[in-house]
Amino acid sequence: MLKRVNKLIKKRIISCLVLAVCASITIISMFILMADRADMTGDYYLSVADKAHDYDPDENPLLIKSLADLIYMRDAVNSGDKVAYSSNNGNINKKVDARSASYRLSSNIALSGEWTPIGNTLASSFTGTFDGYGKTITGLFISGSYDVAGLFGYNSGVIRNLTVQGSISAVSRAGGIAGVNTGEINGCINEAVITVTGEFAGGIAGENKGGRIYNCANKAVVSGFLRVGGITGVCTVSGSGGIVRNSYNHGNVRGEGKGNTDGLLGGIAGAVDGSGAGRLENCYNYGSVSYSYTNNKVTVLRGGVAGKNSGSKMTINNCYTLDSSLYYILSNNNFNFDVATCAAFDESDVSLNALLNELNSWVSTRPSYFMWVRDTEATGSQRLPRLVMPEFDDGQNDEQPSPMVSSISVSYGGGKNCAMPYGTVPSSGSGTVDDPYVLYGKEGFLDVSGGECSASALLTLGGAGGVYTSQTLKYRLAGSDDDYVCEYPGGETF
């Protein structure tokens, strides 16, 4: 009897110990889970463009909706942290590396106070994608002793479709979009005044260090001591990098300060350096290039396009200047550029139309570049050619991805053909005569018919023949059938 009691007691003790261990494991697991959830839910969250699905860097980027979102993203990039986001209608919370993530700006943002650049050190360089989605960031204010300054400091990723406004003052390497660009800047506009006391000042990038700048414009004053340019202070060639293409400058470029070296001032780039095969192509400058140095020890090299081309393989072609006092591309009539394709233009309609034609002729065989238009009824600089920048429908839900078609094929009289590239979005309309499709091509209206199509990216295409067939939208334009009409925003038809 006593043995049975002892066995029973032992079994109960073992059972209690097992239960205690299990309870401890459960409590520890719950604590870990709660700590992990506290870490996730206690942090700031970004959302994704399509809330029903998980983040995807190519198809479903993280959204920047507010100044708080932008600051959260910037601080995570600069500190090397991850950003938290919510997806699958709030059922999934995850984190992703901030520096290499893909972001989309879903609203205009007004900055407040002094701005610390995104990627403010070389080690924290931004390597992801930042799509401005046609939005504007205002109030960009930077002052003080920054050696690299801009909305972004160091960019090794892709920044596109963004306009910035404000004022930047730094010691060196200052640009509206980035201080130093080793990645790609595409479809951006700078309206922020840039001032440096030293070298490397540019409207888009202070130093384009083997990077690529496409389809960009500067509309603000840029000033500094050495290597000062409307688009970039210097285009440093590294391998096949160091490229500025299809861009223009309307801001005045000014050299100022005191020193004992060359000024190097240019409408597009203050200077181009290096031994790689870089390019300045299909660009024009309208801004003045002037100087007011405080001593006479500065040798001023200034040009309508670049102050100096010291790159042995650096090509400057299809570039133009509109400043009547600068009938040269490089300083002192230096002919280290393609004399057959570079020229100076005056401000007459005949000359501006010729410039427009030259710019679009270059683009016509390069579908990834934006086309050019000009308003003949405007005055001043508004009469000049400008890029047809992407337009995004702010009336739609920015959190929902837009449908895309693989291509647009357009045919009209005489068997001529025009095409719009991949990524073309039908923003509205039903394809009928009374409700024509309104189409926008992100890469511009591609002419594949030897100059027969005009240079506009926003088209209103009328005609009952507009239909989807195997994700290809086909039209017949005016020329052989008056029922099918193509209208440009200005009301012209063909």
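What is the accessible surface of the protein, and what percentage of this surface belongs to carbon and sulfur atoms? In this predicted model, the accessible surface comes to about 21,400 Å², and carbon and sulfur atoms account for 51% of that area. Of the 494 residues in the protein, 51% are buried. Among contacts with a separation of 6 or more, 72% are between residues 24 or more positions apart.

The secondary structure consists of three helices and 40 strands. Five of the strands form an open sheet in the order 8-11-15-20-25, with parallel pairing. Strand 8 (152-155) and strand 25 (269-273) are at the edges of this sheet; each has a single partner strand, so one side of each is left without a neighbour in the sheet. From one strand to the next, the twist averages 10°. Strand 8 runs parallel to strand 11 (residues 178-181), and three bridges join the two. Within this pair, Asn-155 stands opposite Asn-181 of strand 11.

The count of disulfides is zero. For Cys-283, the closest cysteine sulfur is that of Cys-319, at 4.7 Å, which is too far for a bond because a disulfide requires sulfur atoms within 2.5 Å. Cys-342 is likewise in no disulfide; its nearest cysteine sulfur also belongs to Cys-319, at 5.1 Å. Cys-283 has 0% relative accessibility and therefore counts as buried. Cys-342, at 9% relative accessibility, falls under the 20% cut-off and so counts as buried.

How values were computed: Residues numbered from 1 in each chain as written. Predicted model: local features only at pLDDT ≥ 70, side-chain atom pairs only at ≥ 80, totals over all residues. Heavy atoms only, no water. Pairing = 2+ DSSP bridges. Helix = DSSP H or I, 4+ residues; strand = E, 2+ residues; numbered from the N terminus. Axes fitted to C-alpha atoms, helices over the stretch in contact; angles between N-to-C directions. Buried < 20%, exposed > 50% of the residue type's maximum accessible area, 1.4 Å probe, protein only. Contact = heavy atoms within 4.5 Å. Areas by Shrake-Rupley, 256 points an atom, 1.4 Å probe, with all protein chains shown as cover.
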